[in-house]
Amino acid sequence: MASSIRVRATASGDITEVQALIQHPMDTGLVKDSKGEVIPAHYIQKLKFECNGKDVFVANWGTAVSKDPYVKFSFKGAKKGDELKISWTDNKGASDTTTAKIA
Amino acid sequence: MTMTTGPHPTRRLILQGAAGVALLGLGNLPFGSQPARAAANDKYPEEAFKLKNEADAIKALYGKTAEPSDKVKLDAPEIAENGGVVPISVTTTLDKVTSISLFVAENPNALAASYRIPEGTLPSVANRLKMAKTTNVTAIVEADGKLYSATKEVKVTVGGCGG
């Protein structure tokens, strides 16, 4: 299966800008389906970015983060060609991991 | 019991040794990392995410209150046509930022997202949140152990939390 995570990381000088888009329903547990049954909560709780063995960004999310979440941040200390590791886990215990080369 | 207590002192000594080495390494950094507070901690703050009231959620996450600051810049639309996807970004000129959190006052649960900002990461984040209805969005920035906030009202024409 294709990864649920799409990442673009671009270095300019000492600063690396990271944009990530993750495919996830992010169900709040408040919405009903067409049969009137509540769709149980299903959302990413933790999202982590690591580079050169160090956490560079950690997100803790609740149900109020949009479907197919998007996040953008920047960090210092990496260069072109370095690898960025991205991983998430959701409230049902599912997870995904991917790596991206900094361009 | 006597059988199981045996190996423990040795293991503890080894762990202490390892921690000591790690601390020595940290000593070379410009400023040592402070003991992690709730939001800067590695653990998922389950309880804070369950609270309905914004003040309660801030207290559960940080254990203190925030003061408004013009050094925190919260960027959100005046009007969101779709409460399911509201682009919100936060930047700050404050130093020693360790975390940034976002609260939506009248959502079913106030805390929306909390970001840990390790040393070397710029204190700036953009994301998309769901909003149930027109209400205030608050950004909390934890910098040098203190909390600073910025609030903005976003008008929502169609809510994003069901109902």
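**View 1. B:I79 and its bridge partner in β9(B).** In this predicted model, B:I79 has B:K155 as its bridge partner in β9(B). The strands here are β3 of chain B (residues 79-80) and β9(B), running parallel and joined by 2 bridges.

**View 2. Strand β1 of chain B meets β9(B).** Here β1 (residues 67-68) of chain B pairs with β9 (residues 146-156) of chain B, parallel again, over 2 bridges. Look for B:P68: its bridge partner in β9(B) is B:S149.

**View 3. The hairpin of β8(B) and β9(B).** B:A143 sits opposite B:K146 of β9(B). The hairpin has 2 residues between its strands, and B:D144 takes a positive phi near 50°.

**View 4. Where chain A touches chain B.** On the chain A side 31 residues make contact, with 32 residues of chain B. Together the two chains bury about 2500 Å², 52% of it on carbon and sulfur atoms. There are also 18 residue pairs in polar contact between them, counting pairs with both residues at pLDDT 80 or more. From chain A, β2 (15-22), β3 (44-51), β4 (54-61) and β5 (70-76) each give two or more residues to this side. β4(A) gives the most, with 8 residues. Sorted by class, the chain A side has 17 nonpolar, 7 polar and 7 charged residues.

**View 5. Strands paired across the two chains, plus a salt bridge.** β4(A) and β6 of chain B (residues 111-116) run antiparallel, joined by 4 bridges. A:W61 stands opposite B:A113 in β6(B). The count of salt bridges between chains A and B is 1: B:R116 with A:D55, whose closest N and O atoms are 3.2 Å apart.

Key
Residues numbered from 1 in each chain as written. Chains lettered and ligands numbered in written order. Predicted model: local features only at pLDDT ≥ 70, side-chain atom pairs only at ≥ 80, totals over all residues. Heavy atoms only, no water. Pairing = 2+ DSSP bridges. Contact = heavy atoms within 4.5 Å. Buried area = accessible area lost by both parts, 1.4 Å probe. Salt bridge = Lys/Arg side-chain N within 4 Å of Asp/Glu carboxyl O. Polar contact = N/O pair within 3.5 Å; in protein donor to acceptor, adjacent residues only side chain to side chain. Nonpolar A, V, L, I, M, F, W, Y, C, P; charged D, E, K, R; others polar.
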